[in-house]
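I opened the model today to take some notes. My plan was to go from the whole chain down to single residues, then across to the partner chain.

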Amino acid sequence: MALYHNDDQAMLADSASQFLADEGAINTQLRHWRDTGCKDGFGHELWKQFGEMGFTGILVAEDDGGLGMGHVEAGIVLEEIGRNLTPSPFLTSSVLAATALGQGNKDLRGRYLPGLLTGDSVFAVAIDEGAKHRPERIATKAERSGNGFKLSGKKDFVIHGASADMIIVAARTSGADADRDGITLFAVPKDASGLSQDAVRLVDSSIATHLVLDGVVLDGDAVIGEIDGGRDVLDRMLNAGRIGAAAEGVGVARGAMDMTVNYLKQRKQFGKLIGEFQGLQHRAAHLYSELEISRAAVIKAQQLLDAGAESAELMVSVAKAKVGRTANLAVREGVQMHGGIGMTDEYDIGLYMKRDRALAEFLGDANYHTERVAQLSGY
Amino acid sequence: MADLETFRSETRAWLDANCPAEMRQPVRDEEDVYWGGRRAKFKSAAQKSWFEACVAKGYTVPAWPKAYGGAGLDPAQAKVLREEMSRINARPPLSSFGIWMLGPALLKFGTEEQKVHFLGEIARGEIRWCQGYSEPGSGSDLVSMQTFGEDKGDHWVVNGQKIWTSYADEADWIFCLVRTDKANKYQGITFMLFDMETPGVTTKPILLISGNSPFCETFFDDVKVPKDQFVGEINRGWDVAKYLLGHEREMISGAGGGDRTSAIGSAMLRHTGELDPILRAELAMFDVDALAYGAMGEKFLDEIKVGKAHPAQPNMMKYAGTELNKRRHELFMSAGGSRALEWDSEETGGGKTPRGWLRTKANSIEGGTSEVMLNVISKRILELPGD
């Protein structure tokens, strides 16, 4: 398969680009929700428009009412979200949760997917326990209780947790903390008794929660996939979320780079456009080169995932690590090349820097995924 | 699609029948590479039979038209052939600057007569070509070159000096930039072709830091070149040169290779037994970049085929690919430790690691320096201001 968008994908990219430029712009979305102190950090009206556009169901099977598309298509929407810094529950709901729910039984899919498709529901995922992403270790316990389970533990960095109608929780039903087996995924409704969340505003103005499960009792029908066999569902969900985050990161990097290159063509100092200075030209050209390579890694990983290839996992980590470093470079160069104005809240480049930082940390930073590339390559 | 699958099975059968086992081993050194030319000798019977089979089938230059010695394959078929050859690790039957550089320029700018004559010779490996571009005073600023051809009616008399002429001492003919109008910088250069045996041509190998001499100085002392031996138009050789540099950059960037896309960290671990943690981290960061670049190489080739790549994109590929290759060899040296310092011991194959490491330092200089590549990216792709 050729490593560029086919005609249908190019059409989707056009419509996503137009839609998010019109409806998801920084001034009307990110700044608006930030400056009005919105408790969700995003707009529900826009989320419903995502539903009308069909975007919410890109990764939902056609039998379940979705579009039955793949990670390339989800990535197209995410890149535009990234470029516009649009606050949206798309990644947690339509990529992560949708992938996990797709592995669930018919009852579970019928319970949650219709609300997702219309943009009425928001979902979150609770994986991390601690400040760094370490899904190999899961200490949150789910003990058998009657017909169901009783969950106890703490989760961190639950993006959109406070706004979610349902949160997917990875918990241990058997074995030791670092075991691969013995994990089970649960769909936990927001009003489950014993569930409490402490919402915190992050550097990029998104809202995450510290989540406490204090003996949360769930019926057996909250289980997604197999009991004790949740690692496969979790891995699938993580792959989807990581390549999604990488695609969004490409958008963030591209937005920052475009803004910066435009600035180099407008700002004058010493009687010249600063873009005439070779010291800046070479740095901009290096950034361009890194960004092109990052995009290639992302589309390669997306296609491998969509084809169900074994090597997809390695390429997903390559892409997440590569994009992590590139987007970081893009926003650092962006602020530096803008000079003083880049330090002001009024100017948008700093917003890219903040978003990049939060996105890079989500589902494993560049160091985590670089380590994973070494391990998956056998060293 | 069905036709393509038929083509694949035919190709597979043909390769089975014609590519000897010995030609399915990785290329170990220069002797394993067949460059063709008047003085060429085959290293083995297998090398000869593989080469001859490919010439007969047009597979030394599969995408060139049949009339010029190729097989006339379309891009999809050419990709299938590449895939099938790479599947069995088949060596290239013929390596040549004629195939990589002069050929594409002739296909675009040559007359029909030139195509039939020169392309045929290249495809059959009869003539080995070298490239006369750089001069001692004209490296990155190539257009300042001074080698001059004086118009004598039916011929030019060429005087001057070229440098970094790859394998000039083994080449039969040269394609050479010669100034034919001193008053006109860009439109005063002619792209000439002439025999290296012409009286007045001398070559002198240059000893490099690697201890090898792949490059030469080439001197022209009253060399007579007939007035019909040029490509494109007289005084318009710069257009041909620029076009050809694009091909050179693609080649150096290794975009077509695809053989360098596996992680090196595991190979280094096998080789050394253990990796210290900081080196391991550096290897892992390198592997991330190399695997990502591998995807970029694939994307670039896919896009070029359908005209989706930016025309200046080869400059980006060349820049990133060569910088990456230099890093790769720095890591080989670090992982190798003191063993990698040995210059001519038998155990190290005569210092393969350090000589290879030193050779890569030229990657980001030859065919346009990294700095020139960055200039081109900023002007032509990012459209930053300036002259």
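My entries follow, in the order in which I looked things up.

**Overall**

I note at the outset that this is a predicted model. I started with chain A and counted 11 helices and 10 strands. Next I checked its size. A compact globule of 379 residues would have a radius of gyration near 21 Å, and chain A has 21 Å, so the two agree. I also took the box along the principal axes: the C-alpha atoms of chain A fill roughly 80 × 50 × 40 Å. Of the 379 residues of chain A, 55% count as buried. Then I turned to contacts between residues at least 6 apart in sequence. In chain A, 74% of these join residues at least 24 apart.

**Strand β4 of chain A**

I asked which strands pair with β4(A), and in which sense. Strand β1 of chain A, residues 123-126, pairs with β4(A) in the parallel sense, over four bridges. In that pairing, Val125(A) stands opposite Ile168(A). Strand β5 of chain A, residues 183-189, pairs with β4(A) in the antiparallel sense, over seven bridges. There I picked out Ala170(A), whose bridge partner in β5(A) is Leu185(A).

I then looked at burial. Strand β4 of chain A covers residues 166-172, and seven of the seven are buried, so the strand is largely enclosed by the rest of the structure. I recalled that side chains in a regular strand alternate between the two faces of the sheet.

**Helix α8 of chain A**

After α8(A) comes Gly308(A), with a positive phi near 70°.

**Arg332 of chain A**

I stopped at Arg332(A), which lies in helix α9 of chain A, residues 312-338. Buried, exposed or partly exposed? Arg332(A) has 14 other C-beta atoms within 10 Å, so I logged it as partly exposed. I also looked at Met353(A), which is 21 residues from Arg332(A) in sequence. Their C-alpha atoms are 7.0 Å apart.

**Chain B against chain A**

How many residues of chain B are in contact with chain A? I found 33, in contact with 33 residues of chain A. On the chain B side, α7 (265-272), α8 (277-305), α9 (313-336) and α11 (370-381) each supply at least two residues. α8(B) gives the most, with 15 residues. By class, this side of chain B has 20 nonpolar, five polar and eight charged residues.

**Domains of chain B**

Last, I read the domain assignment of chain B: domain 1 (2-95), domain 2 (129-236) and domain 3 (254-381). The centres of domain 2 and domain 3 of chain B, over C-alpha atoms, are 31 Å apart. Their contact takes six residues from domain 2 and six residues from domain 3. The domain 2 side has two nonpolar, four polar and no charged residues.

Methods
Residues numbered from 1 in each chain as written. Chains lettered and ligands numbered in written order. Buried ≥ 20, exposed ≤ 12 C-beta atoms within 10 Å, placed from the backbone. Pairing = 2+ DSSP bridges. Contact = placed C-beta atoms within 7 Å. Nonpolar A, V, L, I, M, F, W, Y, C, P; charged D, E, K, R; others polar. Domains from an automatic or database assignment. Rg over C-alpha atoms; globule rule 2.2 N^0.38 Å.
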